[in-house]
Amino acid sequence: MSNMSITEHRPDYEGSRLGMWIFLFTEMLLFAGLFLLYSVFRTRYSPEFHTSSVELSRTAGTVNTIILLTSSLTMALSISVIKSGRRGMSLLFQSLTVSLGILFLVNKYFEWGAKLWHGIYPNSPELLQRGKGKTMFYGLYYLMTGLHGLHVLAGVILLTIMFIMTVNNRINREQYVRLENSGLYWHLVDVVWVYLFPVFYLIN
Amino acid sequence: MITGNSFYNAQDKHKGILSWILSTDHKRIGLLYLTAMFSFFFVGVILGLLIRLELIAPGRTIMSAPAYNAVFTVHGVIMIFLFIIPGIPAGLGNFLLPLQIGARDVAFPRLNLMSWWFYVSGAAVILISLFTGGGPPDTGWTFYVPYSIRTGTNVTLAVFGVFLLGISSTLTGLNFVTTIHRLRASGMTWLRMPLFPWALYATGWVQILATPVLALTLLLLIFERVFGLGFFDPAKGGDPLLFEHLFWIYSHPAVYIMILPAMGVVSEIIPVFARRTIFGYRLIVFSSLAIAFVGYLVWGHHMFTSGMSDLSKVVFSFLTFIVAVPSGIKIFNWVSSLYGGSIDMKSPLLYTVAFIFLFSIGGITGLVNSALATNIQVHGTYFIVAHFHYTMFGGTAFAFFAALHFWFPKIFGKMFRERLANTAWFFLFAGFNTLYFPMFILGWQGMPRRYYDYLPQFHTLQVISTIGSWILATGLFIMFYNLISSIFRGEKALSNPWGGVTLEWKTSSPPPVENFEEPPVVTGAPYRFR
């Protein structure tokens, strides 16, 4: 219940955070639709999903999970240090977060590359020949990790902009809601991966 | 055109048209939406008239069968995605929400402008899709697979346009919900908020929580066409029914995006012209939220004949009956509000009463559809066409027209001609019923929707329906002539011509840029006359 006056057009910290949370709900629902598809096909093609899951590189998945979890930590640290005015530290943590994000994408690139090299990609003759269950598994794999990868890429771009704004002192100990909101977005991307990792790499 | 301290005369860093299309003022953005939407509405009406003209006689009349498929598809896409979904919230909601809650603007003015640009881009992409590639889509507005994957028409581009419109709608919902949480005037507690903002609030949540699923569904359809993932193709292991599920998980809540704001409008107009407080304020609020919530759980009733387990059919049917309860509560509350009031039958109330009548017919025939046994008889027939035109046109669009008349003086600072508005109302009401009522009978007799040709026994009713479409078009013409010419030549309006008591009537007509000279303070419930 807010009783704030609206005479002046001052930035509304709580409002910005609320808007960001609502945006994150929409992102969650976007992925929720895909998890719905996943559960339908997983039920229908249980055995094939098991055998396909074994073919994925658990090492690559685990490394990427560690990368993203660490990047969430550095993200959180960059916000907590900017609140106490340590801008240099914050810039360091932000650049670490961006680097880890890029590292995640590079790892993903090699992982996808290996699969493409074996002729496994949507609608490929090799994949279709392996049967319906595998076609669905790899379709979902490319779609869901691909959409997630796009979100990582968007996050990397967003955090780069935040970095520049911090350098220009437009993000500082008084005004850090943009950085905080970008952090929320980055954590969402992380959380989505935390679900993607087990459903594709671990459950078999 | 308009003098004085109004937002039309505001000094802006841009000049001319740029001061509109780059403006972050919610009032200007609202007018941008209204202009764009009614331009598309006009195109949609023309296409609708062409459909009716083609159906005036069996066999080929004015166009080929493929052209007919394209025309009814584009009619649906335009009317649904470009007119009625943005409709009342994006147009009038943008203009009035901040005024009604005593705010200076929405929570995120720049995001608001961005939403409008998404809307315009989506519309442009759809328009381009009509004239490029394989030509306009011919799938029907629902884009059902497998046909939407196989057809050579320009479905991919059109669907991408709808995707952009979805982003616009989501962002508007996000903006409004945040605005209502954060920017209500001092003293305006939740239960002192007028009912139009309440309706926008409920709508906002539906936009936020349902539209992403549409976005995903449309992306899947695009990927399906471009990469052949196979999720909807049984030959590759997929299932076309999944598309229907995903589509209706959004598109059923979407009908509440269309109707809830209209219900909010009705709840605003009735107390003003009955000179009496609204009956059952809390129940109207509660029923809006209930509709928004239960509306998520009924999508399966679009698929009773598509293939579903009997248990899920029964559950979906039951929930559909449940969702009719809050709508019924609203109807009773509106009628009770009129009871014992000193009713002043001005044009806005006339349109509102038509809404109650037409929407009741639409709602009750909805129950015919939701009962499993009768659904099998009427599914995919003209009965459905009549039903959703009674709710969407007779309901939402009539409320939209009521709202346009009601807030016209506030928006433009001018009065329209009452008599002409009432004449237009007569043509609209008579034409509407002549156009759509025969479709109930046609559908009951078994005339399938979307068919190009029909059996001779349907001829008479088809002719009556087509005649109705011309009466309706005459009514629309008179109404828009009246409104548009009154913008330029109407009498000057007072700040509160109808004697309303909500906050928007406490500022001048048209409002100044900052909306209120002094930030308003609210001390009691809304709708207290005397």
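## Interface between the two chains

The contact between the chains involves 43 residues of chain B and 37 residues of chain A. The model described here is predicted. About 3400 Å² is buried between chain B and chain A, and carbon and sulfur atoms account for 74% of that area. On the side of chain B, the three residues B:Arg182, B:Phe231 and B:Lys236 supply 19% of the area buried against chain A, more than any other three residues.

Two salt bridges are found across the interface of chain B and chain A, together with four residue pairs in polar contact. The elements of chain B that give two or more residues to the side touching chain A are α5, α7 (155-182), α8 (195-227) and α9. Of these, α8(B) gives the most, with 10 residues. Sorted by class, this side of chain B has 25 nonpolar, 11 polar and seven charged residues.

In another salt bridge, B:Asp239 meets A:Arg44, with 3.0 Å between the closest N and O atoms. B:Asp239 lies in the loop between α8 and α9 of chain B and A:Arg44 lies in helix α1 of chain A, so this pair joins two chains.

Over all chains, the structure holds 10 salt bridges. One of them links the side chains of A:Glu126 and A:Arg130, at 3.0 Å from N to O. A:Glu126 counts as partly exposed at 29% relative accessibility, and A:Arg130 counts as partly exposed at 33%. Salt bridges with shared partners join A:Glu55, A:Glu126, A:Arg130 and A:Lys134 into one network.

## Aromatic pairs and a histidine contact

The count of aromatic pairs over all chains comes to 71. Among them is the pair of B:Tyr68 and B:Phe72, which is edge-to-face, with 5.5 Å from centre to centre and 70 degrees between the planes. Both residues lie in helix α3 (residues 65-84) of chain B, four residues apart, or about one turn of the helix. B:Tyr68 is buried, with a relative accessible area of 2%, and B:Phe72 is buried, with a relative accessible area of 13%.

B:His302 is found in the loop between α10 and α11 (310-338) of chain B. The side chains of B:His302 and B:His252 are joined by a polar contact of 2.8 Å. With residues up to four places away in sequence left out, B:His302 touches B:Tyr144, B:Trp248, B:His252 and B:His379.

## Backbone features

Two cis peptide bonds in chain B can be described. The bond from B:Val145 to B:Pro146 is cis, with omega near 0 degrees, and B:Pro146 lies in the loop between α5 (109-131) and α6 (147-150) of chain B. A cis peptide bond also joins B:Ser509 and B:Pro510, where omega is about -15 degrees. B:Pro510 lies in the segment after β2 (491-492) of chain B.

A:Asn123, which is not a glycine, has a positive phi of about 65 degrees and lies in the loop between α4 (87-117) and α5 (125-129) of chain A. A:Asn123 counts as partly exposed, at 35% relative accessibility. In chain B, phi of B:Arg275 is near 55 degrees, a positive value in a residue other than glycine. B:Arg275 lies in the loop between α9 (240-274) and α10 (281-294) of chain B, and at 30% relative accessibility B:Arg275 counts as partly exposed.

Definitions and conventions. Residues numbered from 1 in each chain as written. Chains lettered and ligands numbered in written order. Predicted model: local features only at pLDDT ≥ 70, side-chain atom pairs only at ≥ 80, totals over all residues. Heavy atoms only, no water. Buried < 20%, exposed > 50% of the residue type's maximum accessible area, 1.4 Å probe, protein only. Contact = heavy atoms within 4.5 Å. Buried area = accessible area lost by both parts, 1.4 Å probe. Salt bridge = Lys/Arg side-chain N within 4 Å of Asp/Glu carboxyl O. Polar contact = N/O pair within 3.5 Å; in protein donor to acceptor, adjacent residues only side chain to side chain. Nonpolar A, V, L, I, M, F, W, Y, C, P; charged D, E, K, R; others polar. Phe/Tyr/Trp six-rings, centres within 6.5 Å; stacked < 30°, edge-to-face > 60°.
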